[in-house]
Every structure is written in C-alpha cells, then in structure tokens.
Amino acid sequence: MHIDILTLFPEMMEGVFQSSILKKAQEKDKFSYNLVNFRDYTENKHRKVDDYPYGGGAGMVLTPQPVFDAVDALLEEKDTKPRIVLLCPQGEQYTQKKAEELAKEDHLIFICGHYEGYDERIRLGLATDEISIGDYVLTGGELGAMVIVDSVVRLLPDVLGNEESAVEDSFSTGLLEHPHYTRPATYRNMSVPDVLLSGDHAKIAKWRKTQSLKRTLERRPDLLETYPLTEEEKQIIQELKRIE
C-alpha cells in the first residue's frame, strides 16, 4: 500500500510515521507514505491557499487550484486509481468496517483541510470518500488522517506480530472486546478470574464470549441492534439482563 497525504503541516506527521507499528510496517515494506505540502502547488504569488468565501461569512476557504494540481501530480507518478479521502466533519463517521474496507486498497490519498472549509469543487471533483472521525471539530484534518492511517495499516497482512490481534479487536467482530489479564495472578488484592487459569480452552472461550457481550451490553448497547446474535448469544444476553 502507498499513502499520500496532502497537508499544510507535514511536520505534524513525521513523528507518528516514524514510531511504533507504522515504523515497523515500513521496515517490513508493507506500506510507504508521502507527505505533500499542497502550498507548493499554488499559483498565487503570495503562496496563499485560501480566500474569502463567496457570499460572505466567517473564516477562509481552501481554494481548489493547489489541491487539484497536487492530486494531478500524484496521479501522474503512479498508474493507480486511488481512493481519495477528504477529512471533513460532514463525512461518514469512521468505523472499523471502513478501516477494513480501506485496508484492501493499494493506494490512498488523504486531503487534510484547514480554515473554515473546502471549496465545494474539491469535494465534488476529487473525493471518493468523505470521512469524519467523530462529532467534534478539529483545527485541521491532520489528526484525523493519522488516526485513519494507523487503523488501516495495522490491518495489513503481517504488520501485527499476532495475526489474530486485529481479528479479535473491539468492533472487528461487531462487539466490544473481552477483558485481558496477564501476570501476576494477584495484584493489589485484584485477582485474575479462575477460569483463565484453568487451562480449559472451551470454558475460557465461553467466558470471553460472555464478557464481550456483557461489556457491549453495558457500554455500547447500540452495537447489539445490528449484530447478528446466535441463539447461544441471545441466551447469554437474557441471563445477563436477568442478573441485572
């Protein structure tokens, strides 16, 4: 996978790309990235990339020319049909399902906005996807792009040390993940559940399933509205509700 990010502040991202899983993924040649300052493509003699909105109003709007020209230059370099992701508050809310979808692509381009917003022609003429990472407003799209890149790259084959890690993550199965424990067995008067020390894999699997359903029921019951429950899972939920 190759990832291009159009941003006015490429320096914000270097630390993220050179750390942790993203750095290891590059070392394994699982993905490459390119940070593009689209200010370099402006034809404005003052290197401005924004202007006042037609019709008046607060704030400044990103002009289309430097963004279009930056994308055109990237498309000339690679013979691909990339997904072009616009980071914006009006976009679809980001989910694990979307991360899994994007992880199947060979080439992604992210456009990070600033100021009051984008000229609408950027949205209409370039974007294949519009994504929001939540119902709140950030100063720019860089943090959103970094969140998405991290969530996508970790899903690429052989990036994580344990291939089951991504499969069992919260939201990957449609439910929240069960609790985890490690050594020591007792710490500050808090003990690991006996079932996890039993060595009985069937009981452990049942406990984890129950805990996953319990945590989802308590914290994100909305997820259960669309999750295809098995008969066994329905019985577990009924028992959990009865105990409540």
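The accessible surface of the protein comes to about 14700 Å², and carbon and sulfur atoms hold 49% of that area. This is a predicted model.

**Overall build**

The protein has 244 residues, and 41% of them are buried. Nine helices and ten strands are present. Along the principal axes, the C-alpha atoms fill a box of roughly 70 × 40 × 35 Å. The radius of gyration is 23 Å, whereas a compact globule of 244 residues would have one near 18 Å.

Which residues make the nonpolar surface patch of about 360 Å²? The patch is made by Met12, Tyr136, Leu138 and Leu143. Leu143 belongs to helix 6, which covers residues 142–153. The relative accessible area of Leu143 is 43%, so this residue is partly exposed. A patch residue must have over 30% relative accessible area, so Leu143 passes that cut-off.

**The loop between strand 2 and strand 3**

Strand 2 covers 32–36 and strand 3 covers 50–51, with Arg47 in the loop between them. Thr42 is in the loop between strand 2 and strand 3 too. Is Thr42 buried or exposed? Thr42 is buried, because its relative accessible area is 15% and the limit for buried is under 20%. The Thr42 side chain comes to 2.9 Å from the backbone oxygen of Lys48. Setting aside neighbours within four places in sequence, Thr42 touches Arg47, Lys48, Val49, Gln65 and Pro66.

Arg47 has a positive phi, near 60°, and is not a glycine. Arg47 is partly exposed, with 38% relative accessibility.

**Another positive phi**

Asp158 sits in the loop between helix 6 and helix 7. Its phi is positive as well, near 70°, in a residue other than glycine. Asp158 counts as partly exposed. The table puts the two residues side by side.

| Residue | Phi | Relative accessibility |
|---|---|---|
| Arg47 | near 60° | 38% |
| Asp158 | near 70° | 42% |

**A cis peptide bond**

Which two residues does a cis peptide bond join? They are Arg183 and Pro184, and omega is about 5°. Pro184 lies in the loop that runs between helix 7 (164–168) and strand 9 (186–187).

Key. Residues are numbered from 1 along each chain as its sequence is written. This is a predicted model: local features need pLDDT of at least 70, side-chain atom pairs count only at pLDDT 80 or more; totals for chains, interfaces and linings use all residues. Side-chain values use heavy atoms; hydrogens and water are left out. Patches are made of residues with over 30% relative accessible area and no salt bridge: like charges are joined within 9 Å, nonpolar side chains (Val, Leu, Ile, Met, Phe, Trp, Tyr) within 5 Å. Accessible areas come from the Shrake-Rupley method with a 1.4 Å probe; for residues, only the protein chains shown count as cover. A salt bridge is a side-chain nitrogen of Lys or Arg within 4 Å of a carboxyl oxygen of Asp or Glu. Helices (H or I, at least four residues) and strands (E, at least two) are DSSP runs, numbered from the N terminus. Buried means under 20% relative accessible area, exposed over 50%, partly exposed in between (1.4 Å probe, protein chains only). A polar contact is a pair of N or O atoms within 3.5 Å; within protein, one must be able to donate a hydrogen and the other to accept it, and residues adjacent in sequence count only if both atoms are side-chain atoms. Contact means heavy atoms within 4.5 Å. The radius of gyration is taken over C-alpha atoms; the globule rule is 2.2 Å times the number of residues to the power 0.38.
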